[in-house]
Amino acid sequence: MSEIDVQQNEGAPPSTNPRRANFIWHQLPYVIALVLAIAGVAYTNISHQPLVGYWEFLALAIAVVCVVAKWPELDSKQTQFRLIWTQALHWVAVLVTMNIMLMSGVQQLLPTPATSLVLLALLALGTFLAGLSLLSLRICFLGLAMGAAVPAISWLQQSVIFFFLAAVFVIGLGMTFWLRRNRENAAVPDTGRAQREA
């Protein structure tokens with residue numbers, strides 16, 4: 001490489017990483033769907049009211065994500081049409097099952113927080129099966145992540161008091177060590193000054 005090439009490379013502004021930005025852009029719909037699903041469960045647990053329309057909207061949004069994720073790989077109108085109607089039938093079945101869980105007779109058997117977890121489990125199952133039928137690893141992972149959130153959220157609900165006590169304990173230990181350290185630091189300069197004066 002000549003000196004001119006080196007000087008041109010040094011003078012060029014650092015390029016941003018388009019691969020990273022492209023990767024983040026492609027993963028964004030899946031992350032948003034997962035965050036919305038967990039937020040729906042959290043809101044339902046706090047308000048103790050089922051969010052009927054919210055879960056239906058989320059199922060439709062994931063259906064759109066499934067179609068959009070597979071669409072660029074299809075080259076003919078026939079395969080695109082088949083993708084649309086198979087996904088439509090799949091997600092209609094998921095929506096019907098969700099609405100069965102929201103019927104008043106079923107609602108009487110389940111408390112509201114349990115209903116939101118059941119709806120999240122159904123949404124996770126529907127997402128995972130859609131990923132299998134589309135042979136999409138991202139959609140399968142989204143379904144698995146939603147499914148893993150169900151026991152994690154129920155475990156967190158049962159152990160909120162434990163986490164609160166653990167946080168108080170850790171804060172107490174931190175304050176104890178911090179106060180002890182401040183006392184030791186305050187005592188060290190006094191002894192050093194006394195030695196210098198002697």
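Tutor: V92 has its place in helix 4, where helices (H or I, at least four residues) and strands (E, at least two) are DSSP runs numbered from the N terminus. The model is a predicted one, in which local features need pLDDT of at least 70 and side-chain atom pairs count only at pLDDT 80 or more, while totals for chains, interfaces and linings use all residues. Residues are numbered from 1 along each chain as its sequence is written, and side-chain values use heavy atoms, with hydrogens and water left out.

Helix 4 covers residues 77-101, which is 25 residues, and from its first C-alpha to its last it reaches 36 Å, close to the 36 Å expected at 1.5 Å a residue; the expected span is 1.5 Å times one less than the number of residues. V92 is partly exposed, with a relative accessible area of 47%, on a scale where buried means under 20%, exposed over 50% and partly exposed in between (1.4 Å probe, protein chains only). Together with V96, I100 and M103, V92 makes a nonpolar surface patch of about 350 Å². Patches are made of residues with over 30% relative accessible area and no salt bridge, with like charges joined within 9 Å and nonpolar side chains (Val, Leu, Ile, Met, Phe, Trp, Tyr) within 5 Å. The areas themselves come from the Shrake-Rupley method with a 1.4 Å probe, and for residues only the protein chains shown count as cover.

The buried residues of helix 4 are Q80, L83, Q87, H90, W91, V94, L95, M98 and M101, and what covers them includes helix 3 (52-70), helix 5 (104-107) and helix 6. Q87, in helix 4, counts as buried because its relative accessibility is 3%. Leaving aside residues up to four places away in sequence, Q87 touches C66, V67, A130, S133 and L134, a contact being heavy atoms within 4.5 Å.

T127 is buried, with a relative accessible area of 0%, and beyond residues up to four places away in sequence it touches I62, W91, I139, L142, G143 and M146. The C-alpha atoms of T127 and W91 are separated by 8.9 Å, although these residues stand 36 residues apart along the chain.

Helix 3, one of the elements covering helix 4, has 19 residues and reaches 28 Å from its first C-alpha to its last, close to the 27 Å expected at 1.5 Å a residue. Its buried residues are W55, L58, A59, I62, A63, V65, C66, V67 and K70. Among these, W55 has a relative accessible area of 1%, whereas Y54 is partly exposed at 24% relative accessibility. A search of the whole structure finds one aromatic pair: the ring centres of Y54 and W55 are 5.6 Å apart and the planes stand at 85 degrees, so the pair is edge-to-face. For such pairs, rings of Phe, Tyr and Trp (its six-membered ring) have centres within 6.5 Å, and planes under 30 degrees apart count as stacked, over 60 as edge-to-face and the rest as tilted.

K70 is buried at 16% relative accessibility, while E73 is exposed at 55%, and their side chains meet in a salt bridge (2.8 Å, N to O). One salt bridge is found in a search of the whole structure, the term meaning a side-chain nitrogen of Lys or Arg within 4 Å of a carboxyl oxygen of Asp or Glu.

Around these parts, the chain has eight helices and zero strands. Buried residues make up 26% of its 198 residues, and of the contacts with a separation of 6 or more, 62% join residues 24 or more positions apart. The chain exposes about 13900 Å², of which carbon and sulfur atoms supply 70%.
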